[in-house]
Amino acid sequence: MARMRKRNKRKVFIKPVVKVKQPAIDHVTGNKIPKSFVFSRGKVPHSLKQLELDLRKLMSPHTALKLKEKKRNNLRDFLNVAGPLGVSHFLILSKTETAPYLRVARTPQGPTLSFKVHEYSLASDVAQSQARPRCPQELFKNPPLIVLSGFGTGYQHLKLVTVMFQNIFPSIDINTVKLSSCQRIVLLNYNKETKLIDFRHYSIRLQPVGVTRRIRKFVQNHQVPDMRNLQDVSDFVTKAGYGSESEAEDEAAAVSLPTDLGRVNKASTKSAVKLQEIGPRMTLQLHKVEEGLCSGNIIFNEYGNSSKEKTTDE
């Protein structure tokens with residue numbers, strides 16, 4: 001009896017079609033939304049490594065929160081990955097024998113701003129110094145606003161600082177922006193006498209004017225208050241110690257809302273704008289401006305070296 005031969009059927013593999021995501025476009029400028037890498041170079045202490053993580057959180061959501069770094073990686077490795085991912089800026093921390101430094105660079109061809117970090121405080125340090133620290137994760141779903149003060153002195157290097165930090169975050173259109181997305185603010189204040197830049201990071205809160213803390217908590221949390229020890233409902237509203245506390249009603253800080261914002265802040269009512277620092281906090285001094293990406297002609301040097309001097313970084 002003849003044996004039946006088994007036919008080898010070839011399996012055909014169909015390569016799946018990968019859809020390439022189009023880069024997000026900034027509807028205000030028409031350009032790609034800026035994205036960033038925050039990493040360190042060389043050996044840095046633990047506190048500076050924590051500052052790196054705080055800066056990544058500050059740059060959210062348009063940054064790589066879980067960017068992996070290895071000692072053998074050089075600057076070109078990050079640059080090769082940055083192109084396909086649409087990364088437009090590098091924030092690079094490093095440490096010398098004298099002080100830590102922060103470099104802010106535009107990819108792929110520069111320029112690069114180098115700042116000496118005179119002082120810094122981590123986000124955890126800022127929170128520990130506050131009686132009621134507030135930093136919910138919802139704050140980081142949208143990029144922060146950027147405010148620069150004191151840079152209008154006419155110097156070319158300060159103009160570069162202004163342009164660099166203005167372009168590191170997405171632009172906003174005050175006519176179309178949603179108030180609910182404006183929850184954080186980054187403030188850079190330049191002191192022309194000391195030549196130092198104060199770098200601060202705040203959360204933005206709106207509170208209705210003329211409403212006690214107890215009423216706000218009641219509306220926000222939907223919880224039935226405990227009034228067993230009260231004689232009248234008015235005691236709940238006006239009980240001592242639960243008014244505005246240290247939150248003075250400042251007319252200059254009050255705004256009228258065009259739309260409803262949450263359950264407490266209603267349209268056409270006045271709400272007070274409250275800023276609460278969430279960190280990190282830094283005191284910076286512009287040290288050097290290079291024409292290229294961490295290399296090239298030196299446009300500005302705090303110590304007055306020749307502009308033809310060149311530096312390189314792997």
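Helices (H or I, at least four residues) and strands (E, at least two) are DSSP runs, numbered from the N terminus. This is a predicted model: local features need pLDDT of at least 70, side-chain atom pairs count only at pLDDT 80 or more, and totals for chains, interfaces and linings use all residues. Residues are numbered from 1 along each chain as its sequence is written, and side-chain values use heavy atoms, with hydrogens and water left out.

**Whole chain**

Colour by secondary structure. The protein chain has six helices and 12 strands. Of its 314 residues, 36% count as buried (under 20% relative accessible area; exposed is over 50%, partly exposed in between; 1.4 Å probe, protein chains only). Now turn to contacts, meaning heavy atoms within 4.5 Å. Among those with a separation of 6 or more, 64% link residues 24 or more positions apart.

**Leucine 75 and cysteine 294**

Select leucine 75, in helix H2 (residues 75-85). Leucine 75 is buried, at 4% relative accessible area. Cysteine 294 lies in the loop between E10 and strand E11 (296-301). Cysteine 294 is buried too, at 2%. Its phi is positive, about 55 degrees, although it is not a glycine.

**Arginine 56**

Go to helix H1 (residues 46-58) and pick arginine 56. Arginine 56 is buried, with a relative accessible area of 4%. Its side chain reaches the backbone oxygen of leucine 67 at 3.3 Å. Leaving aside neighbours within four places in sequence, the contacts of arginine 56 include Val38, Phe39, Thr63 and Glu69.

**Nonpolar cores**

A nonpolar core is a set of buried Ala, Val, Leu, Ile, Met, Phe, Trp, Tyr and Cys residues joined through side-chain atoms within 4.5 Å. The largest has 32 residues; Leu102, Val104, Phe115, Phe165, Phe199 and Leu284 touch the most other members. Elements giving two or more residues to this core include H1, strand E3 (100-106), helix H4 (156-167) and strand E10 (281-290). Centre on phenylalanine 165: not counting residues up to four places away in sequence, Val104, Phe115, Ile146, Leu148, Leu188 and Phe199 touch it. Another core lies apart, with 12 residues, among them Phe39, Leu75, Ala82 and Ile92.

**Cavity and pocket**

Both come from a 1 Å grid over the protein atoms alone: a cavity is a set of points where a 1.4 Å probe fits but cannot get out, and a pocket is an open set with protein on both sides within 12 Å along at least five of seven lines; lining residues have an atom within 4 Å of a point. Grid points are joined across faces, edges and corners, and a volume is the space filled by probe spheres set on the points.

Four cavities are 30 Å³ or more. The largest cavity has about 60 Å³. Select its lining, which includes Leu55, Met59, Phe165, Phe199 and Met282. Next, the second largest pocket, about 480 Å³. Of its 23 lining residues, Pro143, Pro170, Ser171, Ile172 and Val177 lie nearest the centre.

**Backbone stops**

Most residues other than glycine have a negative phi, and most peptide bonds are trans. A cis peptide bond joins serine 60 and proline 61, with omega about 5 degrees. Proline 61 sits in the loop between H1 and H2. Another cis bond joins threonine 107 and proline 108, omega about 0 degrees. Proline 108 is in the loop between E3 and E4. End at lysine 195, in the loop between E6 and E7. Its phi is positive, near 65 degrees.

Conventions. A polar contact is a pair of N or O atoms within 3.5 Å; within protein, one must be able to donate a hydrogen and the other to accept it, and residues adjacent in sequence count only if both atoms are side-chain atoms.
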